[in-house]
Amino acid sequence: MKTALSIAGSDSSGGAGIQADLKAMSFNGVFAMSAITALTAQNTTGVTEILNVSPEFLKEQLDAVFTDIYPDAVKIGMVSNVELIQAIAERLNHYQAKHIVLDPVMVATSGSNLLESDAVVALRKELFPLAEVVTPNILEAETLAQMSVKDEESMVAAGKKISETYGCAVLVKGGHRVNDANDLLYHNGDYQWFKGERIDTNNTHGTGCTLSSAIAANLAKGFDLATSIDRAKGYISSALADGLDLGKGSGPLNHAFDLKGEWKKEV
């Protein structure tokens, strides 16, 4: 069985962060592990408090994982300060981690700010060069590319700018500001659209965490990047369509792959 590691913050409501990552990775047929960067007090409507772990403790978690169960892929989510970003970069370089998926979590779906201002610079400098793919939403892509993204043409321009600046593939996630649910992959000087149908639901809490984790899980299983994105997008679309209405913005995921990568019956 392939393995995947999530480096991210904990969500006390279970819909995003580490909790969503572990569910998505497990449902996509890999053994899921975690290194927690922060504890948060949050639910589907917002984040009320963040308690970061120390860089030393984060390194201990990463050492414990890499020296025993080496991950076939790594997903990085919420990392809110410079010291933690530097700790992750140092350990991933040390262990020559592969198939790194970076979800540059800056603002929660609820609108809560999750990243300290000086950490944005560190994120770009330390972690972007290590990533196989970065998965910003529209607001994050605007911040990273320093440009307005209002339509599909500007999505391509932003993806191109981010990719060429940092030397990694970029999946710019569409949204209601630009299109229904179409995502753009910019990679090696070319781009590819992943079409999706907009689903009318309020259960969108943790969708970014889930998508990036599903991509990492499929990379761990040996699929190429485009195929991993396509499979992950199909997974989250089904999850959104069939999610349980537990809160104002929560979207539990109730579909899974079996270990051969085929769709299982709903669980």
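This text goes from the chain as a whole to one pair of helices and then to one serine.

The model is predicted, and its protein chain holds eight helices and nine strands. Of the 267 residues of the chain, 55% count as buried, and among the contacts between residues at least 6 apart in sequence, 68% join residues at least 24 apart.

Two packed helices are described by the angle between their axes and the distance between the axes. For helix H5, which covers residues 138–145, and helix H6, which covers residues 152–166, the axes come within 9 Å and cross at roughly 55 degrees. An angle is counted as roughly parallel under 35 degrees and as roughly perpendicular from 65 to 115, and H5 and H6 are therefore oblique to each other. Their crossing is left-handed. On the side of H5 the contact is made by Ile 138, Ala 141, Leu 144 and Ala 145, while H6 contributes Met 155, Ala 158, Lys 161, Ile 162 and Tyr 166.

Because its relative accessible area is 1%, where the cut-off for burial is under 20%, Ser 212 is buried. A polar atom of the Ser 212 side chain lies 3.1 Å from the backbone oxygen of Cys 209. When neighbours within four places in sequence are left aside, Ser 212 is in contact with Lys 75, Val 101, Asp 103 and Thr 135.

Terms used. Residues are numbered from 1 along each chain as its sequence is written. This is a predicted model: local features need pLDDT of at least 70, side-chain atom pairs count only at pLDDT 80 or more; totals for chains, interfaces and linings use all residues. Side-chain values use heavy atoms; hydrogens and water are left out. Axes are lines fitted to C-alpha atoms, for helices over the stretch in contact, and angles run from 0 to 180 degrees between N-to-C directions. Helices (H or I, at least four residues) and strands (E, at least two) are DSSP runs, numbered from the N terminus. Angles under 35 degrees count as roughly parallel, over 145 as roughly antiparallel, 65 to 115 as roughly perpendicular and the rest as oblique. A crossing is left-handed if the near helix is turned anticlockwise from the far one by less than a right angle, and right-handed if clockwise. Contact means heavy atoms within 4.5 Å. Buried means under 20% relative accessible area, exposed over 50%, partly exposed in between (1.4 Å probe, protein chains only). A polar contact is a pair of N or O atoms within 3.5 Å; within protein, one must be able to donate a hydrogen and the other to accept it, and residues adjacent in sequence count only if both atoms are side-chain atoms.
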